[in-house]
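Here is a short tour of one protein chain, meant to be read with the model open beside you.

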Amino acid sequence: MDQAHGAFNKYYSEADTILARIPVAQTFQEKTGVPKVYGAAGIAGVGLLLVFLNIGASLLVNLTGFGYAAYASMGAIETPGKEDDAQWLTYWVVFGLFNVVEYFTGFLLYWFPFYYLIKLGFLIWLMAPATRGAERLYHAGLKPLMQQACHSQRSVPASVKATESKSD
């Protein structure tokens with residue numbers, strides 16, 4: 001029990017530190033008297049319940065995938081280092097490709113139960129600095145595919161060269 005209480009206090013203090021940088025969260029705590037961590041957990045819980053029940057799930061999941069990433073990207077632009085810029089630029093490439101694929105396969109994907117819940121988990125995995133999912137996916141799959149596509153466009157297959165020389 002003490003271990004669970006210690007873990008709760010650790011995550012509570014980390015969340016409180018993060019939320020202290022967000023003026024709206026601070027204002028919420030001052031006006032309501034409710035700790036900002038509880039307010040954020042309540043909003044996240046209600047949002048997760050709505051996604052689970054598929055009530056406005058598309059809007060909520062896309063707002064999460066776009067809203068937080070846009071906020072973090074603007075913050076990354078203002079920092080002097082380039083590592084966070086690369087993380088968010090990679091996220092936008094993966095997010096954009098995911099949305100294009102989803103657009104063309106959406107009529108099939110929406111038949112899967114809990115699709116939006118899975119999509120939300122996937123987007124959080126892509127965004128999370130601890131997992132750096134977008135960078136992993138980019139380096140493991142997208143980058144090799146793009147390099148292969150660019151390389152194949154530059155080189156002309158031998159069979160095409162042979163038919164070109166016969167016709168001359």
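## Burial and overall build

Of the 168 residues in the protein chain, 20% are buried. Keep in mind as you browse that this is a predicted model. The chain exposes about 12,100 Å², and carbon and sulfur atoms supply 69% of that area.

The secondary structure is quick to describe: eight helices and zero strands, giving the pattern α-α-α-α-α-α-α-α along the sequence. Among contacts with a separation of 6 or more, 50% are between residues 24 or more positions apart.

In soluble globular proteins, nonpolar side chains tend to be buried together. Here, the largest nonpolar core has 18 residues. The largest share, six residues, comes from α6.

Leaving aside residues up to four places away in sequence, L126 touches Y91, V94, R132, G133, A134 and L137.

L49, F52, L53, I55, F114 and I118 make a nonpolar surface patch of about 610 Å².

One of these residues, L53, lies in the loop between α3 (36-52) and α4. Is L53 exposed or partly exposed? L53 counts as partly exposed because its relative accessibility is 48%, and exposed would require over 50%.

How values were computed: Residues are numbered from 1 along each chain as its sequence is written. This is a predicted model: local features need pLDDT of at least 70, side-chain atom pairs count only at pLDDT 80 or more; totals for chains, interfaces and linings use all residues. Side-chain values use heavy atoms; hydrogens and water are left out. A nonpolar core is a set of buried Ala, Val, Leu, Ile, Met, Phe, Trp, Tyr and Cys residues joined through side-chain atoms within 4.5 Å. Buried means under 20% relative accessible area, exposed over 50%, partly exposed in between (1.4 Å probe, protein chains only). Helices (H or I, at least four residues) and strands (E, at least two) are DSSP runs, numbered from the N terminus. Contact means heavy atoms within 4.5 Å. Patches are made of residues with over 30% relative accessible area and no salt bridge: like charges are joined within 9 Å, nonpolar side chains (Val, Leu, Ile, Met, Phe, Trp, Tyr) within 5 Å. Accessible areas come from the Shrake-Rupley method with a 1.4 Å probe; for residues, only the protein chains shown count as cover. A salt bridge is a side-chain nitrogen of Lys or Arg within 4 Å of a carboxyl oxygen of Asp or Glu.
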